[in-house]
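Subject: Structure handover

Hello,

Here is the structure we talked about handing over. My notes on it follow below.

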Amino acid sequence: MHRLKNWQLFAICVLTWGTTWYAITFQIGHTAPEVGVAFRFALAGVTVLAMCAVRGIRLRFGLREHALLALQGCFMYGVSYICVYHAERHIVSGLVAVGYSASPLVTGLGAHWLFGLRVSWRFLFGGILGLAGVTLMFWHQFGSTSGNPNAALGAAFIVGSVTLSAVGSLAASRNRIHGLPFWPAMGFGMLYGAAVCTILAALQGQDFVPPSVVSWWLSLFYLALAGSVLTFACFLTLQERIGPGPTGTIGVMTPLLALVISMIFEAFRPDALVVAGAALAVAGNVLMLRRA
């Protein structure tokens, strides 16, 4: 991953994550969101740690280090994705992806508050544009919440997923600052995320037996290996290079591809507000990525 250029890391994240939103729909309906997320990140975490073992990367850590890895994993790979899966039960996948356009602003402000990282006026203005784009693209969903409780619940889960994901992203940035190795941190973090999902599923008495449905298994492997191992490796590498705030702009471009996927496979038809919102989101993304 470290040999790839920033734009290549960015492109891999956008192209892969832009399609995972639709892939998640093949998990919903066959297993509970907590169970689906647990399977996904358990498989991804085992894969990453197996790669570390083959390459001879150290996998022994103290209790304090495991606590830091658990903090990253529980938020970045666990509860935030539970919210995503629940949101997709109520709202079309492309619009759920749109909600993540607010993540750059939330993560950037969090990095400024916790780590003292400088937040420029260009970054703030770009984030505001992106947020305005989200509002326009989601306008009809916001307006229908009074008569559609499912839309309101889906919007609430999106807010939760963005907030929790930002906490996980900031925790990952802190772990890198404190010298925790890249691949083991990601592998153990994914296992901790899977563990917290398993606990939540068990507390609710949910069924852990996987379905005998081909599409469910194909989507699981795609989500775990491409949508988790590959993309998170690219995402965290990029975050290490340019910081958590600018890296969060991936969450602005990804929804645009997700909306196209929804148009093709979920019969989603955008109107003028969605088009205008997409234009604002792209403008905000470009502004946030530009160097001073």
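Where is the place of Ala 32? Ala 32 sits in the loop between α1 and α2. Keep in mind throughout that this is a predicted model. With a relative accessible area of 21%, Ala 32 is partly exposed.

Helix α1

Helix α1 covers residues 6-24. Its 19 residues should span 27 Å at 1.5 Å a residue, and its end C-alpha atoms are 27 Å apart, so the two values agree. The buried residues in α1 are Leu 9, Phe 10, Cys 13, Val 14, Thr 16, Trp 17, Gly 18, Thr 20, Trp 21, Tyr 22, Ala 23 and Ile 24.

Two packed helices are described by the angle between their axes and the distance between the axes. The pairs below are given in those terms.

Helix α9 runs over residues 182-203. Just after α9, Gly 205 has a positive phi of about 70°.

One partner of α9 is helix α3, residues 63-87; the two axes come within 7 Å and cross at roughly 55°. That angle makes α3 oblique to α9. The crossing of α3 and α9 is right-handed. On the α3 side, the residues that meet α9 are His 66, Leu 69, Ala 70, Gln 72, Gly 73, Cys 74, Tyr 77, Gly 78, Val 79 and Ile 82. On the α9 side, they are Ala 185, Met 186, Phe 188, Gly 189, Met 190, Tyr 192, Gly 193, Val 196, Cys 197 and Leu 200.

Helix α2, residues 33-54, also packs with α9, at an angle of about 155° and with the axes 7 Å apart. At that angle, α2 is roughly antiparallel to α9. Here the crossing is left-handed.

Helices α2 and α10

The axis of α2 also comes within 9 Å of the axis of helix α10, residues 214-242, and the two cross at roughly 50°. They are therefore oblique to each other, and their crossing is right-handed. From α2, the contact is made by Phe 39, Arg 40, Phe 41, Leu 43, Ala 44, Thr 47 and Val 48. From α10, the residues taking part include Trp 216, Leu 220, Phe 221, Leu 223 and Phe 232.

Cysteines

How many disulfides does the structure hold? It holds 0 disulfides. Cys 83 is in no disulfide, and the nearest cysteine sulfur, that of Cys 197, is 10.0 Å away. Cys 83 counts as buried because its relative accessibility is 11%.

Cys 197 has 0% relative accessibility and so counts as buried.

Pairs apart in sequence

Val 162 and Gly 99 are 63 residues apart in sequence, with 7.5 Å between their C-alpha atoms. Leaving aside neighbours within four places in sequence, Val 162 is in contact with Gly 99, Tyr 100, Ala 102, Ser 103 and Val 106.

Leu 153 lies in helix α8 too. Its relative accessible area is 38%, so Leu 153 is partly exposed. From Leu 153 to Ala 87 the distance is 7.4 Å, C-alpha to C-alpha, and the pair is 66 residues apart in sequence.

Leu 136 is placed in helix α6, residues 121-137. Leu 136 is partly exposed, with a relative accessible area of 25%. Leu 136 and Gly 277 are 141 residues apart in sequence, and their C-alpha atoms are 4.9 Å apart in space. Beyond its neighbours within four places in sequence, Leu 136 is in contact with Leu 273, Val 274, Ala 276, Gly 277 and Leu 280.

Regards

How values were computed: Residues numbered from 1 in each chain as written. Predicted model: local features only at pLDDT ≥ 70, side-chain atom pairs only at ≥ 80, totals over all residues. Heavy atoms only, no water. Disulfide = S-S within 2.5 Å. Buried < 20%, exposed > 50% of the residue type's maximum accessible area, 1.4 Å probe, protein only. Helix = DSSP H or I, 4+ residues; strand = E, 2+ residues; numbered from the N terminus. Expected span 1.5 Å × (residues − 1). Axes fitted to C-alpha atoms, helices over the stretch in contact; angles between N-to-C directions. Parallel < 35°, antiparallel > 145°, perpendicular 65-115°, else oblique. Left-handed = near helix turned anticlockwise from the far one by under 90°. Contact = heavy atoms within 4.5 Å.
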